Amino acid sequence: MNSNSSSKRRFQFKKIAKSAIKDVFMEYETPKLVVINNPKYATLLRIIQIIILIYSVLYLLIYEKGYQKEDTAPISAVTLKVKGIGYAYTPDNQTIIIDGADYIIPPSENNAIFIMTNFIRTDQIRTKCAEATKIKGAVCKSDSDCSNKPFTPTMNGRWTGRCLLSPETNVLNRIKNNTKTPTGLCEYAGWCPPEDDQTSTMIVQEVRNFTIFMKNFIEFPTFEVKHKNMVDELTKPCIFHPKTNKDCPIFTIDHIINEAEKNLSEHSLMLHYGCVIRMKVDWDCNLDRKIKLCKPEYSFARLDIPFYENPFSPGFNFRYATSWKQNQTYVRALTKAYGLRLIIAITGKAGKFDFITLTLNIGSLVGIFGLATFICDIAILHLSKKAHTYRKHIFDTVQLSARPDTILELAKRHMRRASRFPVPPSTIAEESSAETPDDMLTSPEQAVTMDPDNAMNSDQ
Amino acid sequence: MNSNSSSKRRFQFKKIAKSAIKDVFMEYETPKLVVINNPKYATLLRIIQIIILIYSVLYLLIYEKGYQKEDTAPISAVTLKVKGIGYAYTPDNQTIIIDGADYIIPPSENNAIFIMTNFIRTDQIRTKCAEATKIKGAVCKSDSDCSNKPFTPTMNGRWTGRCLLSPETNVLNRIKNNTKTPTGLCEYAGWCPPEDDQTSTMIVQEVRNFTIFMKNFIEFPTFEVKHKNMVDELTKPCIFHPKTNKDCPIFTIDHIINEAEKNLSEHSLMLHYGCVIRMKVDWDCNLDRKIKLCKPEYSFARLDIPFYENPFSPGFNFRYATSWKQNQTYVRALTKAYGLRLIIAITGKAGKFDFITLTLNIGSLVGIFGLATFICDIAILHLSKKAHTYRKHIFDTVQLSARPDTILELAKRHMRRASRFPVPPSTIAEESSAETPDDMLTSPEQAVTMDPDNAMNSDQ
Amino acid sequence: MNSNSSSKRRFQFKKIAKSAIKDVFMEYETPKLVVINNPKYATLLRIIQIIILIYSVLYLLIYEKGYQKEDTAPISAVTLKVKGIGYAYTPDNQTIIIDGADYIIPPSENNAIFIMTNFIRTDQIRTKCAEATKIKGAVCKSDSDCSNKPFTPTMNGRWTGRCLLSPETNVLNRIKNNTKTPTGLCEYAGWCPPEDDQTSTMIVQEVRNFTIFMKNFIEFPTFEVKHKNMVDELTKPCIFHPKTNKDCPIFTIDHIINEAEKNLSEHSLMLHYGCVIRMKVDWDCNLDRKIKLCKPEYSFARLDIPFYENPFSPGFNFRYATSWKQNQTYVRALTKAYGLRLIIAITGKAGKFDFITLTLNIGSLVGIFGLATFICDIAILHLSKKAHTYRKHIFDTVQLSARPDTILELAKRHMRRASRFPVPPSTIAEESSAETPDDMLTSPEQAVTMDPDNAMNSDQ
């Protein structure tokens, strides 16, 4: 008998499983909807839905290309080539020619370039000499003024503690006399003589006519697409022009400075004291079209603080040196270089039609669409005059855990019952006008006859 | 009496507030669902749901690790060390040794390196001399050919306006005679003599055997995890091999060139005229496992345009100079360097289990899941034969603003009532076959007996 | 008659279209909700909802600023200026001064800087000389030991195959005697003499007192906002302090090393053998407030592997050379530079109130909110004791394709009918306790009287 019942159970289980599977493929659930006939709220809903629909379709799907998979992290390489011959007047009134190998320092950088537009060159050897006059605290009358001074970053070397009353430095056969003052200057050990940035500054002329040729190679790893900023039909000696020659990646320094800074009075200061300019190359590739149609947009902006704002540390400069040996001692030419620091920022995105992206975007738009109903439901259930009536229609109450525990609850229930009886479920009646909402409050519930009270009471 | 009524009101308010709070924790709403028994649409729905489920779980949750919080913006540092001794034959048939300090220019870069594979070195002084013969317009017969010429970027200096009929330059004790032509060459002031890129090019030999050791340190700021590309059990003299030695971060130039360019005929041109290669180091770290298991993948690709496409500006080269003073004048050695420009792109992501991410992802998947019902609803309500019948079941109409204003509306209502009466709500009847959809159209409404018309009419 | 009927049809179509449009603006659908009166599940739901609400509002909307549009891809430029004078003791006991132009190599880099803290300088010429003693395999007894040796990356040049039994090199007038061994060393052709990293290392003193002034310009392209890390009220000679002087962008090397490495015993090794430190500048700008309030946070971390872990390749160093000509031959000063490699990583985000972003975020939060009901529905329909009862209330079954095909189905239907009759729809009854779920199972269905069986059977 035991085995019999177990086989029965197995049989039943099989049947249930079978019918469950059948059910899954026989039936499907969808939310029951209540159609509310209220022109005011319906119109509100439709307007919200239309706004969402227009925004969704026009902006998100079409303008923002919601049907495309995107790659916003391109790999890029930039190579820069500057052409142009400048010249400068030396303090001893000679003209020296300065070419690319002289004014680009360092000769090659990654995503940046520095073009020297002004410089101070000092030939130095390691010895002891008088400090520069511009150093605070370097002026002295006796050795005691120079000893036990704390180190400051502007000092040119380690102070020896001596006061040179008649400072005189001899570097590399070149005699240089500092202004003879009744007071002297402290002596330091280091590279001598100190840099003199008042008198020996040399401005590079013709800088504005230099041209920068920018080759930009870009790769979108997601789509395995490579591209470049040079179109095939480019003829070599061209100059970029924002309107007439957009495809030519050769820019004049003049154009760059004009684009980056509109204030003309800043331009000569920028060349004199240096500046930081960012060049943005912006790629926006639609890979559903021909790759050749994808061209970058170039823009320039100044990143450092304008001189008229009198900033903390204006301009851009740095020092570099080349050194060699002369008569067994190291000699160097120190250059303080002011100039144009150009920083290249490559941004880019590429999009290509992608079914999954489209599906996910439509999915989330459907979600946003639901927001309209959500807003209208709140309005109709809380703000509308007939809110109570709508509530009765929208909500079905299921009450199982019986025993009314509050008088209020009991009273409510009683009222409902009272109002239920005199009206048979299928009474033909004239349409009630909406003026009697209180009566109406009870009627739908009665009409439903799915009253949870009933549900519980019926099984005595 | 006033205070009495106000206290009453307060009491009532308290009661209402109390019961409202109680209600919130007593009841909850869930959408009422209509179960539609239609095998065709149910099967359609289930198939869509299964596809979404498989895609969601397999692809988004498991393959794309939807349960992990991601960090896709690592901070990285790359240090590169090139080993190898090359040599070159000078134009005067000597062999010179070229080591790392000679062929890496500049000596240190951020995320990039340049290895010189070919160069032209010219010792120059600042003086006046004849232009290079390759310059267009430099050939002259008299001084008038050389004056008033506009500046072009290819010129080596500022033209003086003189025509040197027998050009002869003497730089640094080295006599160099240009080809004597019946015509002369224009004179320029600048660094002399001009570079001669036809005869004096020196190709660095053995470059392909050089090795690049790449140390890559990576940090995922979100998880505060640091990692490196060197495994602990690495033995020093190793060479990367994509199959047998994946962990060794030491690459030969030969391997890099072979990986980056499959066209063998390009290789020697790349070394001769220079090229731009990007190295991608791709990290994909699963931080739910041991960090040691996370290893980068290396890949190489050429970014510049192949020579056979005859591009606008082929290869990669730049000029640099080292200068020193000889007999009170600056002297420089100008080098035009062609070579391999390697750009390192570090991309990476790290994922770690995160409860909030998992929740949000499941949440949005549930949303996508709803899409299946959405599609089936559209199908069943608009495309199915029995669409009308289903509509009646799915939609409950609430009509409050009474007074039918169209004849159509009145007629519709009348029909509904007519069809309602002859059929008592709980009549036992045989199953109706599906052949009479028109009759069926009315029956569910009547069965529901929750007709909104009724709801309004009953309360007279 | 044909035209008559067609005009009729057109008239009808117009009427239908008109009424359809009217319907759209007259009616709107909202899901019908079932209110379940079950304190246990209601409380569960409310708790889940409150958690989601708190999380959503507090974390996503307020803490994560869900009301703001974000730009997380700033364009930035960094300029670095190091101040400080160091000195070193040469192997022949002289003190040499080392300033910025000496210890910063290369003089300018993009987002990085290298400060030399230790170096080995060797003056070299291209000739033939004995290998360094530390090279494995360089020790020889006869020429046969030196020939046919494979090239190894550590070699200083191309081996000639000769064994120099008494190695002696004369470079640039400076006599240097290698340790006389009974065995000799192989000869190589290349830059001579080889570097001797045992005896001639020169540590730069005072490095820890150097200061780095970091200017950081940042631009958020989405909002077209530019900003900098220097506040206006900055007074020049200041030093960054994490508590007392957060706004000063001047850092001492000492501070950087202390922040990057807590293990004090590593510090001197880091300065001796070099190290890689990343500096993170983190911007988090709330553009709804004044831009001046937006200030970066600086943090330092060491990226290379600590020396105590005895890594594969410790520290950081590279070689560079400066070359010049002496007596018609190139001479160079090779420097092996160890030092502090500082890599600057700029991360940043800016947020600004944006209505669309807020809407989209609220939209997706509403979606997440639905998760609570989803979870509770699963619980109540599958785990609750009265699951069956609830199912009956929540699901409305529509069955059109009639004809029960299984006995089970028929039996089920019969049972339902049987249980329906004895209980009139609106019988007042005492509350049933929840102990008799089987009875209850049938009652709601009867109460609903919207039984799908009924729906079909009623239309005979």
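Predicted model: local features only at pLDDT ≥ 70, side-chain atom pairs only at ≥ 80, totals over all residues.
I took helices to be DSSP runs of H or I with at least four residues, numbered from the N terminus.

**Entry: chain A as a whole**

I began with chain A and found 10 helices and 21 strands in its secondary structure. I then looked up burial: of the 460 residues in chain A, 39% are buried. For contacts in chain A with a separation of 6 or more, I saw that 71% join residues 24 or more positions apart.

**Entry: the annotated spans**

I checked UniProt next, where an unreviewed entry puts the feature "transmembrane region" at residues 41-62 and 362-383 of chain A. I followed residues 41-62 of chain A in the model and found the span to be 100% helix and 0% strand. Its end C-alpha atoms are 30 Å apart.

**Entry: C:Leu44**

I moved to chain C and found C:Leu44 in helix 2, which covers residues 39-63. Leaving aside residues up to four places away in sequence, I saw C:Leu44 touch C:Cys376 and C:Ala379. I also looked at C:Leu287, which is 243 residues from C:Leu44 in sequence and 40 Å from it in space, C-alpha to C-alpha.

**Entry: helix 4 of chain C**

Which residues of helix 4 (residues 253-260) of chain C are buried? I listed C:Ile253, C:Ile256, C:Ile257 and C:Ala260. Among the elements covering them, I noted helix 5 (264-273) and strand 17 (275-286) of chain C.

Notes:
Residues numbered from 1 in each chain as written. Chains lettered and ligands numbered in written order. Helix = DSSP H or I, 4+ residues; strand = E, 2+ residues; numbered from the N terminus. Contact = placed C-beta atoms within 7 Å. Buried ≥ 20, exposed ≤ 12 C-beta atoms within 10 Å, placed from the backbone. UniProt positions renumbered as here; feature names shortened; annotations may be inferred.
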